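Open the model in your viewer and follow the stops below. Each stop says what to select and what you will find there.

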Amino acid sequence: MNILGRIRTLSFRAYLKAGHLCHVRYWRGHGIHSPFMYSIVRQVFMKRGVRNDSLGVYSLLRKHGMGPKDAVRVQNLYSHMRYNSITIIDKVPAATDKLGGHSGALYVVIDPAAEAYIFPLAETLSGGINTLVISGARRSRGRNRTCHALYRHAPCVSVDKGGLMYYFFDHRIQPAHYKL
C-alpha cells in the first residue's frame, strides 16, 4: 500500500474513533423513547455474557471468525428476539433470491466481499419480520458508506453499534437510526 493510501486510512480510523469517544452513550436507556429499542439496549447490548445456557449461535459465529464480544451480542439478540433460524453469509452468495422468504430469521453478513449483495438482500428481507447484522461495518470507508446508505434505502430500524450494524425489518416499527 502506498504511503498516501495508508495516511488516508489511518486518518479515517482516527476520525471514527474521535466520533465514537465524543458520542454520548445511553447505557441507562435515557433518550431512547422506543420500547422496542429500549428492550434491545437493556437485554442485548448491556449484557456482557450470554443470557441463556444455549451457546449454539455463539459457537457457530466464533467458528466463522466473529469476535467474542460481537458473538455474545448476536447470541443474546437471537435469544431475545426468539428467531426461528440464523443464516451466516461468510462468502458471496450465488443468488440472493435463495435467501430470505420467511419471517423470523436472523441474517449475519461476515464476508466483506458480500458488500455488493447487501442491498438486494435488504430488499428481500424487508418483506417480512427479519434482522440483518453486518459485521465489520467500519472496516473500510466503502463498507461504512454502504452500511449507512442501507438505512436510508430500506425502511428499517438501524443500530450502529461500533463494528456491527443491525437492521430490524418490521413494518410495525417506525423507521429510525440509532448510534450507540
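**Stop 1**

Select Asn 130 and Ala 105: the Asn 130 side chain reaches the backbone nitrogen of Ala 105 at 3.2 Å. This is a polar contact (N or O atoms within 3.5 Å; within protein, one must be able to donate a hydrogen and the other to accept it, and residues adjacent in sequence count only if both atoms are side-chain atoms).

A word on the source: this is a predicted model, where local features need pLDDT of at least 70, side-chain atom pairs count only at pLDDT 80 or more, and totals for chains, interfaces and linings use all residues. Residues are numbered from 1 along each chain as its sequence is written, and side-chain values use heavy atoms, with hydrogens and water left out.

Asn 130 lies in strand S3, residues 130–135. Helices (H or I, at least four residues) and strands (E, at least two) are DSSP runs, numbered from the N terminus. Asn 130 has a relative accessible area of 4%, so it is buried. Buried means under 20% relative accessible area, exposed over 50%, and partly exposed in between (1.4 Å probe, protein chains only).

Now select S2. Which way do its residues point? Ala 105, Tyr 107 and Val 109 point one way, Leu 106 and Val 108 the other way, and all are buried.

**Stop 2: the neighbours of S2**

Strands pair if DSSP finds at least two bridges between them. Click Tyr 107 in S2. Its bridge partner in S3 is Leu 132, and Tyr 107 is also the bridge partner of Thr 87.

**Stop 3: the nonpolar cores**

Select Met 37, Phe 45 and Leu 61. They are among the residues with the most contacts inside the largest nonpolar core, which has 27 residues. Such a core is a set of buried Ala, Val, Leu, Ile, Met, Phe, Trp, Tyr and Cys residues joined through side-chain atoms within 4.5 Å. Helix H2 supplies the largest share, 6 residues. A second, separate core has 19 residues, including Leu 125 and Cys 156.

**Stop 4: the salt bridges**

How many salt bridges are there? The count is 2, each a side-chain nitrogen of Lys or Arg within 4 Å of a carboxyl oxygen of Asp or Glu. Select Arg 73 and Asp 70: their salt bridge spans 3.5 Å, N to O. Both lie in helix H4, 3 residues apart. Finish at Arg 172 and Asp 170, with closest N and O atoms 2.9 Å apart. Arg 172 is exposed at 60% relative accessible area, whereas Asp 170 is buried at 10%.
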